[in-house]
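Please have the structure open while reading.

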Amino acid sequence: MGLYTHYDGAHNHPVNRALHMIAIPVGFSSLIVVWYHWIIGLLLIPAAFALAWLGHLIEGNKPAFLTNPVHVFVAPVWLVKKIFGVRDKSAQVQRSE
């Protein structure tokens, strides 16, 4: 199973997906904010993780990054695909067979 497929499969509940739609931009924006106001930037990181953990608590599974830390970098790709409606081509091929 690929990284993206595993990540996507761990985010099926609509509330979990919604919380991740907020948590991922907050988490990555903290990298920029920390340069301008380090206290706020550092506080955004646990806030983003708290939102994501809450989503996983609701969904009833563990965050994907606990199985593979690289999933932290898969998250923004997942977010962009969800926002712009990009579908995974391998999943489309499997469905059509």
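## Contacts of leucine 3

Leaving out residues up to four places away in sequence, leucine 3 touches Asn68, Val70, His71 and Val74, where contact means heavy atoms within 4.5 Å. The model is predicted, so local features need pLDDT of at least 70 and side-chain atom pairs count only at pLDDT 80 or more, while totals for chains, interfaces and linings use all residues. Residues are numbered from 1 along each chain as its sequence is written, and side-chain values use heavy atoms, with hydrogens and water left out.

Leucine 3 sits in helix α1; helices (H or I, at least four residues) and strands (E, at least two) are DSSP runs numbered from the N terminus. Leucine 3 counts as partly exposed because its relative accessibility is 36%. On this scale buried means under 20% relative accessible area, exposed means over 50%, and partly exposed lies in between (1.4 Å probe, protein chains only).

## Core and surface

The largest nonpolar core has eight residues: Tyr4, Tyr7, Ile24, Ala64, Val74, Ala75, Trp78 and Leu79. Two elements, α1 (3-9) and α4, each give two or more residues to this core, and the largest share, four residues, comes from α4. Such a core is a set of buried Ala, Val, Leu, Ile, Met, Phe, Trp, Tyr and Cys residues joined through side-chain atoms within 4.5 Å.

Trp38, Ile39, Leu42, Leu43, Ile45, Phe49, Trp53 and Leu66 make a nonpolar patch of about 790 Å². Patches are made of residues with over 30% relative accessible area and no salt bridge, with like charges joined within 9 Å and nonpolar side chains (Val, Leu, Ile, Met, Phe, Trp, Tyr) within 5 Å. Accessible areas come from the Shrake-Rupley method with a 1.4 Å probe, and for residues only the protein chains shown count as cover. Leucine 66, in the loop between α3 (38-59) and α4 (71-84), is partly exposed because its relative accessibility is 45%.

## Histidine 11

Histidine 11 lies in the loop between α1 and α2 (14-36) and is buried, at 1% relative accessibility. Its side chain makes a polar contact of 3.2 Å with the side chain of histidine 56. A polar contact is a pair of N or O atoms within 3.5 Å; within protein, one must be able to donate a hydrogen and the other to accept it, and residues adjacent in sequence count only if both atoms are side-chain atoms.

## Salt bridges

A salt bridge is a side-chain nitrogen of Lys or Arg within 4 Å of a carboxyl oxygen of Asp or Glu. The count comes to two.

| Salt bridge | N to O distance |
|---|---|
| Arginine 17 and aspartate 8 | 3.5 Å |
| Aspartate 8 and lysine 82 | 3.0 Å |

Aspartate 8 lies in helix α1 and lysine 82 in helix α4, so this pair ties together parts 74 residues apart in sequence. Through shared partners, salt bridges join Asp8, Arg17 and Lys82 into one network. Aspartate 8 is buried at 18%, whereas lysine 82 is partly exposed at 29% relative accessible area.
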